[in-house]
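Welcome! Please have a look at the structure, then read on.

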Amino acid sequence: MRYRFDRQSLTRGLTVWGPRLGLVAALLTTCGVLALLRPHFLSLANLTNVVRQVSINGLLAVGVTWVLLTGGVDLSLGSVVALSGVVAAHLAHPGMYPLWVPITAGIAAGTACGGINGLFVARGGVPPFIATLGMMTAARGLALVLSGGRPVSNMSPTLTRLAGDWLHVPVPALILGGVALAAGWTLRNTRPGRYLFAVGGNEQAARAAGIPVRGIKGLAYTVCGALAGLAGVVLAARITTGQPNAGAGYELDAIAAVVIGGTSLSGGVGSVGGTLLGVLLMGVIGNGLDLLNVSSYYQQIVKGAIIVGAVWFDRRQRGARVK
Amino acid sequence: MLDNEKHAAVLEACGVGKSFGGVRALRDVSFDVRSGEVHALMGENGAGKSTLVKLLAGLHRPDAGTVRVRGRRVVFRSPHDALRRGIVMMHQELMPVPELSVAENLLLGREPRGRLPGTIDRRALRREARRLLGLLELHLPVDAPMRTLSVAGMQTVEIARAIGANAAAVIMDEPSAAISEREVQALFRSIRTLKERGTAIVYITHKMDEVFRIADRITVLRDGERVRTDRADRFSEAGLIAAMVGRELSAGRLRARTAPGERLLELRGLSRPGAFHDVSLTVRRGEIVGLAGLMGAGRSEVAAALFGLAPAASGEIRVDGRPVRVRSPAEAMRLGIGMVTEDRRGSGLVPLLSVRENITLAHLADCCRGPFIRRARETDIAAQAIAANGIKTSDPDQAVEQLSGGNQQKVVIARTLLGRPRLVILDEPTRGIDIGAKRDVHALIAGLAERGCAVLLISSELPELMALADRLIVMRQGQVTAELDPCTVTQEEVLSYALPV
């Protein structure tokens, strides 16, 4: 397609990117300040560390972006991470199965949880908050049952390599990159992707347009569960155990990153690109506070303030544009 | 009173202007409303009526000019500011608290205090509520939850609320858009009571007959500018329309009657308890069948059953003579049925998606290879639909919510037609859109029939049905009461079959 740089495409570009420009600026400013205060921040080792740390939250956030787009929510992510980690670890003792078995099983466990969430929300009409709250408790319970309440260790080094480096790039970050590209592309360029926006933007209109609303909602929860499963496998590989208690509160970090990234909690607006920016911003700030030797107790206070502050700022900007 | 007229103005805009993101919505408009007067504000959608009243009610601030209350310049920082000075706005979509009672809604924010601090004197609350409703000679149950009232009931409560708050001016934005003729009469009685109490009333409407019944003065806006302000009795209907659109419009039949083709749709004894009962009708190819009746007569429900939104409980639907079951809109579309739903904001458009995306939404598969959208093809299809349906948009990627009501409606129609339906159901396709867009929509409907499409047209505007339909079917309380010839029948006759007995 021919590219025209006229005023119209410029305004259009601004309306697409406008909400995110603030985010990009915030990210760059934070990086700049950190680089001045702690030159070590810009070192390859530290930057690699940052992307490694954000990968888990990133995978969860990309998945839950789909759910938030439909106007729903998924609170079960943290528990699903633990469950799929335990499942994968169980099948990953040295010499037991080839590498793909634990990975597939972990993802399948997450997919199943997401599918059940989707079934109750889309078919059963259970509010997403309740359906996924139930799954949050049940999946955690199942993880504890499967592991007997103890960490599942003795993991084959082939699986732990999933958390290692490939050509100096952390594999989890590569996975996140691939997943985010695929998820973002799907949202923008496929029918189910377009339907997600329609269902979240006006469910009644979507129904009258013949869109399979239930199927689309089910799909969103299933994809979200599958990515939580993947995140669980990656986490297990990183900590070399299947921890039944892992992932507590991860869902809230993921939702926070998505909302900071400009996705509306009421559905219909959002993007994977924005979500990634939100994930990065939260990761960089966390890393910076570590480098500045801020205690993790204070870090939580800062994180809470940032979540509310970012969304408050964003709403104010949008409000100003409406007037 | 022999005062200079200027001083009687309760609420006034002096040379106000307002732009939104480079688009000028209002330019140098002056407007005033006096005590005990109904001043109607008319104009096509996008003419600036809503912007003007939002300036007066403190929802927007003018870029230029001033707002005055009783001659004194004011700057409203919020709607609350305006409320404190006695300016009450009744919104198109009313916003009561549905779970609270009528009395609680009436006195929301002004509850009589009880003996203990922070408590409400419930007996005084109900007494005051009854007094206010009594002023309007209304007998609404003050303890009933607000949600049990009809739209008209909620409106009267809002009016009573305005009286209770001693409003100096009340702004009504299309209050009659969603209520029946009988309810309009009740609304007008309430408005007259308000007038007698010296309240100034700004009344926005699209309906010609209404404006001459209720307005003392009329101001016409066009393209953000004031065209004319005058006493209502100095306007003729034709003159008023001409002022609004800038040209004269003809009335009467809009199309010649056609020889009916073969039967496309047949309903036999279709029923859904609580909605409609034993409805039988046929629609032929190339024919427009008008469905007349009051709101709540079951017309939209029949349409919903045909389109699979709310399936019928019993009876038969035949398409091309074959009995069919329609359980979802997708199934209806596969049978060649398309529908333009009532209430384009509620069930028609996805406001945050673009014009292009809204047009292709129902037939996205045509723009796809497998699940993958082919952007170039989608852009082409949308561009063709925009041209074919006369949608005025600067850019197909513009958010559809930024279009005027008439153009939004054309987007919904364009989407429906994209599937090349053999039967098109249109439910109130011209409600709340301006005269120019209305004429375009009428031409689109007539064109559909000309091309051999079967059309089922639901409208609450009888002149529209009589101008377009080949046959007129009247419904009352869920049942078909008459089939009439729109070319010979009178409006009174149609109404006699539509009004409840």
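Contact here means heavy atoms within 4.5 Å. With that rule, 24 residues of chain A and 37 residues of chain B take part in the contact between the two chains. This is a predicted model, in which local features need pLDDT of at least 70 and side-chain atom pairs count only at pLDDT 80 or more, while totals for chains, interfaces and linings use all residues. Residues are numbered from 1 along each chain as its sequence is written, chains are lettered from A and ligands numbered from 1 in the order in which they are written, and side-chain values use heavy atoms, with hydrogens and water left out.

- The size of an interface is often given as the accessible area lost when the parts come together.
- Buried area is that loss for two parts, found with a 1.4 Å probe and summed over both; for chain A and chain B it is about 2300 Å², with 55% of it on carbon and sulfur atoms.
- The rule finds two salt bridges across this interface, a salt bridge being a side-chain nitrogen of Lys or Arg within 4 Å of a carboxyl oxygen of Asp or Glu.
- R194(A) and E357(B) pair in a salt bridge, with an N to O distance of 3.6 Å.
- Nine residue pairs, both residues at pLDDT 80 or more, are in polar contact across the interface of chain A and chain B. A polar contact is a pair of N or O atoms within 3.5 Å; within protein, one must be able to donate a hydrogen and the other to accept it, and residues adjacent in sequence count only if both atoms are side-chain atoms.
- On the side of chain A that touches chain B, the elements giving two or more residues are helix 1 (7-37), helix 7 (171-189), helix 8 (191-201) and helix 9 (203-208) of chain A. Helices (H or I, at least four residues) and strands (E, at least two) are DSSP runs, numbered from the N terminus.
- Helix 8 of chain A supplies the largest share of that side, seven residues.

**The two domains of chain B**

- Chain B is divided into domain 1 (5-245) and domain 2 (263-498), with bounds from an automatic or database domain assignment.
- Their centres, taken over C-alpha atoms, are 33 Å apart.
- The contact between them takes 12 residues from domain 1 of chain B and 11 residues from domain 2 of chain B.
- These domains bury about 810 Å² between them, 60% of it on carbon and sulfur atoms.
- How many salt bridges does the rule find across the interface of domain 1 of chain B and domain 2 of chain B? The rule finds zero, and it also finds zero residue pairs in polar contact there (both at pLDDT 80 or more).

**Salt bridges across the structure**

- Side chains of opposite charge can pair when their charged atoms come close.
- Over all chains, a search of the whole structure finds 36 salt bridges.
- R27(B) and E225(B) form one of them, at 3.3 Å from N to O. The pair links strand 10 (residues 225-231) of chain B, which holds E225(B), to strand 2 (residues 23-34) of chain B, which holds R27(B), 198 residues apart.
- In the salt bridge of R217(B) with E37(B), the closest N and O atoms are 2.5 Å apart.
- Both R217(B) and E37(B) are buried, where buried means under 20% relative accessible area, exposed over 50%, and partly exposed in between (1.4 Å probe, protein chains only).
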